[in-house]
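User: I would like to learn how to read features off a structure model. Please take me through one, step by step.

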Amino acid sequence: MSVSETCRAVIFGCSGLILTPEEEEFFASVNPVGFILFARNIGDPDQVRALTDALRRCVGRPDAPILIDQEGGRVQRMGPPHWPAYPAMRTFGDAWKSDPAGAERMLQDTIARMSRDLVDVGINVNCAPVLDIPQPDASGVIGLRAFSTECDVVSRLASVAVGAFIRNGVVPVVKHLPGHGRARVDSHFDLPVVDSDLKTLESFDFVPFQAVANAPVGMVAHIVYTAIDPENPASLSGKSFATIREVIGFKGVLLSDDISMNALSGSYESRAYRSLNAGCDTILHCNGDMEEMRAVVKGSSLLRPESLLRWQAALAAPVMSSVTPAVTEI
């Protein structure tokens, strides 16, 4: 099985283009659910294939989840000269306003090509699409990564994108639940606080996520939503996880955003424990720092039975398309 009851509820990054002996030994002993790659881990296709193979050998699972952030635009870990520079998702939202059918075809074609790139090097989970709806006074961290500033456009293209990834053999991770579009600071550097009332959030920010409530995996934001829990960011809040499950109705795996981000405070052991205890299915730790990863392990646990079932369903969702996508100019 790609994920089993012996997996620890964590996903880890690694430090470079190849695994160190220390990393190999650590991953083998910890047996994380999976791994995530960043630009520091990406050279050429042969190197990435060798790295994904090595990561899976560590845990003895040939289909273990290996994640990446391949959104297009400025968030694209695999890029030229070995892979295409894909457009930001706003491109498709803008096109949708004048030609909805054409924009949807372009989006499907782009995701088909992107998915082919990922599958070719052994990556089976993509942390995309972004379903946040940026507001005028928000931080620029989302910006053109979002399909649109209009709720109906984001909701429609969310469904198109999720379906396209699944049809082309890749597990999509929708982000950032329950909505990052109102954050006035970048959670990589500070803790955002959103003061909007619950009615506003439910009628706007939550809607794209409700449109894809059956998506395989969702990523939870490090943002305080005062209408839900004024004390804790969503990624550490039982009330927020309950809202995502019960109000948004999200059924898939809930993955934390990277717990090494500066939005969170406290020890890494505490961050991991609090997130899992709040209802998170799996902790994400990205930077490959061995000391931090050892602390995360101390605060983590094996997958809960319900989390295991969600992961198994998520990894069973994709199918490989036998159709070669048309090349559509954007």
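User: Let me start with one side chain. Does Lys175 count as buried or exposed?

Analyst: First, a caution: this is a predicted model. Now the reading. Buried means under 20% relative accessible area. Lys175 has 2% relative accessibility, so Lys175 counts as buried. Lys175 lies in strand 7.

User: How do I read the pocket, and what is the volume of the largest one?

Analyst: Rolling a probe the size of a water molecule over the atoms shows where empty space is left. Here the largest pocket has a volume of about 340 Å³. Its lining has 24 residues, and the closest to the pocket centre are Asp69, Arg77, Arg145, His188 and Asp257. Two elements give two or more residues to this lining: strand 7 (171–177) and strand 11 (253–258).

User: What is the make-up of the pocket lining by class?

Analyst: Ten charged residues, eight nonpolar and six polar ones line the largest pocket.

User: How many cavities of 30 Å³ or more does a search of the whole structure find?

Analyst: The search finds one. The volume of the largest cavity is about 50 Å³. The residues that line this cavity are Gln70, Glu71, Met89, Ile111, Met114, Ala128, Pro129, Val130 and Phe165. Strand 4 (70–72) and helix 4 (100–120) each give two or more residues to the lining. By class, the cavity lining divides into seven nonpolar residues, one polar and one charged.

User: Next, helix packing. At what angle do helix 3 and helix 4 pack?

Analyst: Two packed helices are described by the angle between their axes and the distance between the axes. Helix 3 (residues 90–98) and helix 4 pack at about 155°, with their axes 6 Å apart. Angles over 145 degrees count as roughly antiparallel, so helix 3 is roughly antiparallel to helix 4. On the helix 3 side, the contact has Phe92, Ala95, Trp96 and Ser98. Helix 4 meets them with Pro100, Ala103, Glu104, Met106, Leu107 and Thr110. The contact has seven nonpolar, two polar and one charged residues.

User: Are helix 1 and helix 10 roughly parallel or roughly antiparallel?

Analyst: The angle between helix 1 (residues 21–30) and helix 10 (residues 290–299) is about 10°, and their axes are 12 Å apart. Angles under 35 degrees count as roughly parallel, and therefore these two helices are roughly parallel to each other. Glu22, Glu23, Phe26, Phe27 and Val30 of helix 1 meet Met290, Met293, Arg294 and Val297 of helix 10. This contact divides into six nonpolar, no polar and three charged residues.

User: Where is the place of Ile18?

Analyst: Ile18 is in the loop between strand 1 (8–12) and helix 1. Exposed means over 50% relative accessible area. At 64% relative accessibility, Ile18 counts as exposed. Ile18 is in contact with Glu23 and Leu51, once its neighbours within four places in sequence are left aside. Sequence and space can be read side by side. Ile18 and Val48 are 30 residues apart in sequence and 8.8 Å apart in space, C-alpha to C-alpha.

User: Last topic, the backbone. Which residues does a cis peptide bond with omega of about 10° join?

Analyst: That bond joins Pro80 and Pro81. Pro81 is in the loop between strand 5 (75–76) and helix 3. The peptide bond from Leu177 to Pro178 is also cis, with omega near 0°. Pro178 is in the loop between strand 7 and strand 8 (193–194).

User: What is phi of Asn31 near?

Analyst: Phi of Asn31 is near 55°, a positive value in a residue other than glycine. Asn31 lies in the loop between helix 1 and strand 2 (32–37). With 12% relative accessibility, Asn31 counts as buried.

Conventions:
Residues are numbered from 1 along each chain as its sequence is written. This is a predicted model: local features need pLDDT of at least 70, side-chain atom pairs count only at pLDDT 80 or more; totals for chains, interfaces and linings use all residues. Side-chain values use heavy atoms; hydrogens and water are left out. On a 1 Å grid over the protein atoms alone, a cavity is a set of points where a 1.4 Å probe fits but cannot get out, and a pocket is an open set with protein on both sides within 12 Å along at least five of seven lines; lining residues have an atom within 4 Å of a point. Grid points are joined across faces, edges and corners, and a volume is the space filled by probe spheres set on the points. Helices (H or I, at least four residues) and strands (E, at least two) are DSSP runs, numbered from the N terminus. Ala, Val, Leu, Ile, Met, Phe, Trp, Tyr, Cys and Pro count as nonpolar, Asp, Glu, Lys and Arg as charged, and the others, Gly among them, as polar. Axes are lines fitted to C-alpha atoms, for helices over the stretch in contact, and angles run from 0 to 180 degrees between N-to-C directions. Angles under 35 degrees count as roughly parallel, over 145 as roughly antiparallel, 65 to 115 as roughly perpendicular and the rest as oblique. Contact means heavy atoms within 4.5 Å. Buried means under 20% relative accessible area, exposed over 50%, partly exposed in between (1.4 Å probe, protein chains only).
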